[in-house]
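Dear colleague,

Please find below the structure that I am handing over to you. My notes on it follow directly after.

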Amino acid sequence: MYAIRRVKLEPQILADLRRRQARVDARSHAAGFKAQTEWNNARQSNCIKTVRSILARMTGDLERCMYCVDSHATDIEHFWPKSPYPDRMFCWSNLLLCCAECGRFKGDRFPLGLAGESLLVDPTVDSPWDHLDLDPETGAITAAYSIESGSWSERGERTVELLQLDRREALQRSYLRTLRRLTEALDQVLDSGTPEPADLLEFLRDRDDHRLLGWLLSPRGTCLPAVARLRDHWPSVFEDMIARVAQDGS
Ligand SMILES: [Zn+2]
């Protein structure tokens, strides 16, 4: 998972979503109301088709799932699930795009904290690598450990558990492949002398199929020899790249 910038909708689409939400709000407590039926009726509308294409653009060229960043994103995903939370069914901030597998694992489940806040990491709001970590040996996504608090991120733990990010072997293999491509590419550039930060970043981004660059340039990524080499021999380039990723996203 990586940080995705949510775009601003055109006023006309936003107004259409609000109208649809107001209709749901007026009827959601009535007998016989079914969130899934409401959604099925809406999904072929021009409004929802447009929303879907905007979400697809937000994921980049490959239209990968916003949760696992591996499989093709097939469905509009309601971050707060639509059946238990119909009051967010047409809220732009609640709509993501995900693959069938992530959608199936999540279903209507949605972990909440004591104050009623979401414990699932939202890639359009959160910096996912603040909560999640990558095991470079196995490719499994795990909860991030905070040295300051001396504990594992609760949101990370619940996100991994809900989406089963530590049990999906094909996913783990894909992450490992991308990690290997990135470190090989990094070594290749460093072998030829002092790298230029913007060029190196572009070179790596072209090979970062699973958007792991944010992790790679975090302190945890320096456990990999190629990253430690960059940090130790070209510290200013390393810092420059971290700043660029923080500004532009990974
Ligand atoms: Zn997925």
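Buried area is the accessible area (1.4 Å probe) that two parts lose on being put together, summed over both. This is a predicted model, in which local features need pLDDT of at least 70 and side-chain atom pairs count only at pLDDT 80 or more, while totals for chains, interfaces and linings use all residues. Residues are numbered from 1 along each chain as its sequence is written, and side-chain values use heavy atoms, with hydrogens and water left out.

The protein is assigned domain 1 (11-106), domain 2 (128-163) and domain 3 (169-248); such bounds come from an automatic or database domain assignment. Between domain 1 and domain 3, about 440 Å² is buried, and carbon and sulfur atoms give 44% of this area. On the side of domain 1, C68, V69 and D70 supply 71% of the area buried against domain 3, more than any other three residues. In terms of contact (heavy atoms within 4.5 Å), 4 residues of domain 1 meet 6 residues of domain 3.

C68 also belongs to a metal site: the zinc ion is coordinated by the SG atoms of C65, C68, C99 and C102, at 2.3 to 2.4 Å. Donors are N, O and S atoms within 2.8 Å of the metal (3.2 Å for Na, K and Ca); water is not among the atoms, so sites may look incomplete. The donor residues follow the spacing C-x2-C-x30-C-x2-C in sequence.

Yours sincerely
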